[in-house]
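Hi there,

Here is the structure I promised to send over. Have a look at it first, and then read on for what turned up in it.

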Amino acid sequence: MNASTQQTGVALADVVATLEDLYPTATAQSWDRVGLVAGDPEQRVHRVLLAVDPTLEVVAEAVRTGADLVVTHHPLLLRGIHSVATTSAKGATVTELVVNDVALYCAHTNADVADPGVGQALAAASGLAATQALTLAEGQELGRVGELPEPVTLRTLAQRLATALPPTAGGVRVSGDPDAPVRRVAVLGGAGDGEFEAVRRAGADVYVTSDLRHHPALEAREEARAAARAGGAATPYLLDAGHYATEWLWLPGLRELLLSRLDVEVEISGVCTDPWDLVVGARPDHDRTTDHPVEGDHP
């Protein structure tokens with residue numbers, strides 16, 4: 001490689017400065033691990049690949065397509081590790097990055113709270129325009145809440161989201177009467193079942209998030225049903241749109257921001273890092289009856 005070729009592109013340090021202007025590391029939550037994970041600040045960046053997760057398949061795509069930098073939402077090294085031997089997935093990932101001169105940068109909770117960031121992207125996909133913070137996390141706005149231009153049914157909102165989101169095996173899970181009208185919508189990309197109290201305070205008709213565990217989700221719906229028996233509304237309804245999918249929505253906006261600020265190529269990964277491959281045996285739409293075989297009834 002000659003000297004003139006080495007000086008083309010943008011220094012990784014300049015890309016990092018741009019990312020940290022968009023997503024200041026000081027706004028990440030205290031438990032998070034964000035920033036530059038691998039790479040030499042002086043190396044040149046010509047092509048950037050964006051992804052939700054820094055998986056082996058994403059890194060292989062970066063190598064195959066000639067990317068110099070991978071920017072992901074989720075950190076690779078969130079928890080401590082004691083080896084980067086290729087006998088582990090994280091060790092193999094670090095090795096692939098280093099031996100192929102591919103840098104890795106992660107913007108996680110600092111991208112969740114940014115404006116624009118993950119929350120605004122999910123709000124826009126839900127049809128919301130003007131929004132306010134759903135809650136505060138360590139002094140930073142987290143999640144969004146706002147009103148649709150006009151009421152729609154819960155089913156219509158779920159279908160709108162399914163169209164906007166990248167396709168996954170799980171799709172959009174719905175809890176509530178699909179024909180019920182909804183207008184006030186709370187959204188939180190990624191895992192959101194710790195914020196039901198904030199959703200109730202916000203007066204949301206429906207909560208769009210992901211990773212809803214059985215007990216918190218069931219308790220939230222039971223509280224809503226109890227309120228309805230007392231004369232209130234059976235809200236909030238729930239839309240679980242998937243962790244990967246709700247956060248993937250941030251990537252197109254990030255791509256446009258980087259293209260507007262840096263002289264580099266920017267592409268979104270074609271790898272779906274949602275961990276699920278298919279769903280088998282889902283019951284029919286809104287059929288809550290059970291007909292489990294009991295002992296002696298098996299064919």
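Let me begin with the lining of the largest cavity, which is made up of Leu-50, Ala-51, Val-52, Asp-53, Val-58, Tyr-244, Trp-248, Leu-251, Ser-269, Val-271 and Thr-273. Please keep in mind that this is a predicted model. Two elements, β4 and α10, each give two or more residues to that cavity lining. Sorted by class, the cavity lining has 8 nonpolar, 2 polar and 1 charged residues. Its volume is about 30 Å³, and the structure holds 1 cavity of 30 Å³ or more.

The largest pocket comes next, with a volume of about 1600 Å³. It is lined by 43 residues, and those closest to the pocket centre are Val-172, Arg-173, Val-174, Ser-175 and Arg-283. Elements that give two or more residues to this lining are α7 (154-164), β9 (173-175), α9 (214-229), β12 (237-240) and α10 (243-248). Which element gives the most to the lining of the largest pocket? That is α9, with 5 residues. By class, the pocket lining has 17 nonpolar, 13 polar and 13 charged residues.

Now for the sheets. One of them is an open sheet of 5 strands with mixed pairing, and its order is β2-β6-β5-β4-β13. At its edges stand β2 (35-38) and β13 (265-268); each has a single partner strand, so one side of each is left without a neighbour in the sheet. Ignoring direction, neighbouring strands here are turned by 25° against each other on average. Within this sheet, β5 (residues 69-72) and β6 (residues 103-106) pair in the parallel sense over 4 bridges. If you want a spot to look at in that pairing, Thr-72 stands opposite Cys-106 in β6.

Two helices lie across these strands. Helix α2 (residues 12-22) lies across β2, β5 and β6, and runs at about 10° to β6. Helix α3 (residues 56-65) lies across β4 (47-51) and β5, at about 160° to β4.

There is also an open sheet of 6 strands, again with mixed pairing, in the order β7-β8-β10-β11-β12-β9. Its edge strands are β7 and β9, each of which pairs on one side only. From one strand to the next, the twist averages 25°. Helix α7 packs on this sheet and touches β8, β9, β10, β11 and β12, while its direction makes about 120° with that of β8.

Walking through some of the pairings in this sheet:

- β7 (residues 131-137) and β8 (residues 140-153) run antiparallel and are joined by 6 bridges. Ala-137 has Gln-140 in β8 as its bridge partner. The hairpin of these strands has 2 residues between them, and Glu-138 there takes a positive phi near 50°.
- β8 also pairs with β10 (residues 181-191), in the antiparallel sense and over 6 bridges.
- β10 and β11 (residues 206-210) pair in the parallel sense over 4 bridges. In this case the bridge partner of Ala-186 is Tyr-207 in β11.

On to aromatic rings: a search of the whole structure finds 2 aromatic pairs. Tyr-23 lies in the loop between α2 and β2, and Trp-250 in helix α11 (residues 250-261), so the pair ties together parts that are 227 residues apart in sequence.

Finally, a few backbone details. Which residues does a cis peptide bond with omega of about 0° join? They are Asp-115 and Pro-116, and Pro-116 is placed in the loop between α5 (109-112) and α6 (118-126). The peptide bond from Thr-235 to Pro-236 is also cis, with omega near 10°; Pro-236 sits in the loop between α9 and β12. Asp-101, a residue other than glycine, has a positive phi near 55°, and its place is in the loop between α4 (89-99) and β6.

Key
Residues are numbered from 1 along each chain as its sequence is written. This is a predicted model: local features need pLDDT of at least 70, side-chain atom pairs count only at pLDDT 80 or more; totals for chains, interfaces and linings use all residues. Side-chain values use heavy atoms; hydrogens and water are left out. Two strands pair if DSSP finds at least two bridges between them. Axes are lines fitted to C-alpha atoms, for helices over the stretch in contact, and angles run from 0 to 180 degrees between N-to-C directions. Contact means heavy atoms within 4.5 Å. On a 1 Å grid over the protein atoms alone, a cavity is a set of points where a 1.4 Å probe fits but cannot get out, and a pocket is an open set with protein on both sides within 12 Å along at least five of seven lines; lining residues have an atom within 4 Å of a point. Grid points are joined across faces, edges and corners, and a volume is the space filled by probe spheres set on the points. Ala, Val, Leu, Ile, Met, Phe, Trp, Tyr, Cys and Pro count as nonpolar, Asp, Glu, Lys and Arg as charged, and the others, Gly among them, as polar. Rings of Phe, Tyr and Trp (its six-membered ring) pair if their centres lie within 6.5 Å; planes under 30 degrees apart count as stacked, over 60 as edge-to-face and the rest as tilted.
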